[in-house]
Amino acid sequence: MIDITPDPIFVRILGFPVYWYGIAYAVGLAATYWVLIREARHRGLDENLLGTGMIIVAVAALIGGRLYHVIDQWQLYAPHPITAILPLTVQPDGSYAFAGFTGLGVPGGIILGTIAAWAYVRRTHQSFWRWADVVAPGLFVMQAIGRWGNFFNQELYGPPTTLPWGIRIDAAHRVGDYLDLVRYPVATTHFHPLFLYESVSGIVGALVLLWLARRRSSRLVPGDLLLIFFIWYGLTRFALEGLRTGNWTFFGIPTAQIVTLGFILFGVAGLLYRHGPGRPDALAVDLLPDRSVEPGATLDEDDFWADDDDDDGDDHLDDADDAEADDDESGDDDHLDDAADDPSAASPPDNPPAPSSAPTG
């Protein structure tokens, strides 16, 4: 069992707290950027677009994720709505203090982030589906690292468990029936780490997408990796959401399950349509940089240079033969070693040959 109950604050700088939650997302963004750079280069896309693009998408994802979380946990923000917008917390005396944002809803971030990415790519006149294949593995990497912020906040956990990776949750972070400390003592009760399950799913998902991009691109249509991400993430979140307590529900159904069911249906429908009869128009492998050179182009280029070097059509002359052939063709006498050895040849002939007009290149 894991009995660590971490402090959500990493360090305080001039009295301002720096949260582990924020550090996890910062590290996740850095790792995601590294993955995106490599994938953009692999696909021959302009990696210079990533800097601005990541800022736009990250801001949109933060807004969407925050909005989803606030709606989910509105009961926490209703008494003081300003805390839903600004990184503030309410002190016992009613005053406000800086607290930082500690809640994001991933489904909301994915939806608004995808919309922002589509708008940005369209504005730069790029192919959205090609860039979608670049971004999809990065989304898994971001999820895998960012979810560890939930561990430090003691959130995103499931029902009690006796499994060896069960985690302890302090009373202050309990929800629903788990607030009953007589039935669920803090010292002996451990819970399913749902954040860990999502993190592991993200790692495996990223590796699978990267493997598909390298080994199965001949069977993929540009954009398939994003659709696979929607299906993979949707299935994972749909399964885990049923283990949560105190989550946002719609007519008794967890809202996240409804949203992620939409992700799954969107991904499946997209794959079926894009691989249907008469499609696709182009495969992912056809757009890779190493496929842009037509077969035989390298051979034609070699033949071109070989013809220039050997005007007499002999492609197998060694270096000495080439030099001698050039001397014969140009008529220039650049090698006077024999003349130096033979005194009779030292004086120029009465009728010197006319200078050659052959180009020297």
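This is a predicted model: local features need pLDDT of at least 70, side-chain atom pairs count only at pLDDT 80 or more; totals for chains, interfaces and linings use all residues.
Colleague: How many salt bridges does the structure hold?

Modeller: Side chains of opposite charge can pair when their charged atoms come close. The structure holds 8 salt bridges. One of them joins the side chains of Glu39 and Arg214, with N to O at 2.8 Å. The pair ties together distant parts of the chain, since Glu39 is in helix α1 (residues 20-42) and Arg214 in helix α8 (residues 194-215), 175 residues apart.

Colleague: Is Glu39 buried or exposed?

Modeller: Glu39 has 2% relative accessibility, and the cut-off for buried is under 20%, so Glu39 counts as buried.

Colleague: Which residue does Arg41 meet in a salt bridge?

Modeller: Arg41 pairs with Glu47, again through side chains, at 2.8 Å from N to O. Arg41 is exposed, with a relative accessible area of 53%. Glu47, at 25% relative accessibility, counts as partly exposed.

Colleague: How far apart in helix α9 are Glu241 and Arg237?

Modeller: Glu241 and Arg237 are 4 residues apart in helix α9 (residues 224-241), which means that about one helical turn separates them. They form a salt bridge whose closest N and O atoms are 2.8 Å apart. Both residues are buried.

Colleague: Which residues are linked with Glu241 and Arg237 in a network of salt bridges?

Modeller: The network also takes in Arg147, Glu198 and Arg244.

Colleague: Now the helix pair. At what angle do the axes of α1 and helix α2 cross?

Modeller: Two packed helices are described by the angle between their axes and the distance between the axes. Here the axes of α1 and α2 (residues 49-72) cross at roughly 135° and come within 11 Å. The two helices are therefore oblique to each other, and their crossing is right-handed.

Colleague: Which residues make the contact?

Modeller: From α1 the contact uses Leu29, Thr32, Tyr33, Leu36, Ile37 and Ala40, and from α2 it uses Leu50, Gly51, Met54 and Ala58. By class, the residues of this contact divide into 8 nonpolar, 2 polar and no charged.

Colleague: On to single residues. Where does Thr260 lie, and what is it in contact with?

Modeller: Thr260 lies in helix α10 (residues 255-274). Its relative accessible area is 0%, so Thr260 is buried. Leaving aside neighbours within four places in sequence, Thr260 is in contact with Tyr233, Gly234, Arg237 and Phe238. Arg237 has come up already, as the salt-bridge partner of Glu241.

Colleague: Is Asn150 buried or exposed?

Modeller: Asn150 is buried, with a relative accessible area of 4%. Its place is in helix α7 (residues 148-152). Not counting residues up to four places away in sequence, Asn150 touches Tyr21, Glu155, Leu156 and Phe195.

Colleague: Where is Tyr197, and which residues does it touch?

Modeller: Tyr197 has its place in helix α8, the helix that also holds Arg214. With a relative accessible area of 24%, Tyr197 is partly exposed. Residues up to four places away in sequence being left out, Tyr197 touches Leu163, Trp165, His192 and Leu240.

Colleague: How many residues apart in sequence are Tyr197 and Ala144?

Modeller: Tyr197 and Ala144 are 53 residues apart in sequence, and in space they are 9.2 Å apart from C-alpha to C-alpha.

Terms used. Residues are numbered from 1 along each chain as its sequence is written. Side-chain values use heavy atoms; hydrogens and water are left out. A salt bridge is a side-chain nitrogen of Lys or Arg within 4 Å of a carboxyl oxygen of Asp or Glu. Buried means under 20% relative accessible area, exposed over 50%, partly exposed in between (1.4 Å probe, protein chains only). Axes are lines fitted to C-alpha atoms, for helices over the stretch in contact, and angles run from 0 to 180 degrees between N-to-C directions. Angles under 35 degrees count as roughly parallel, over 145 as roughly antiparallel, 65 to 115 as roughly perpendicular and the rest as oblique. A crossing is left-handed if the near helix is turned anticlockwise from the far one by less than a right angle, and right-handed if clockwise. Contact means heavy atoms within 4.5 Å. Ala, Val, Leu, Ile, Met, Phe, Trp, Tyr, Cys and Pro count as nonpolar, Asp, Glu, Lys and Arg as charged, and the others, Gly among them, as polar.
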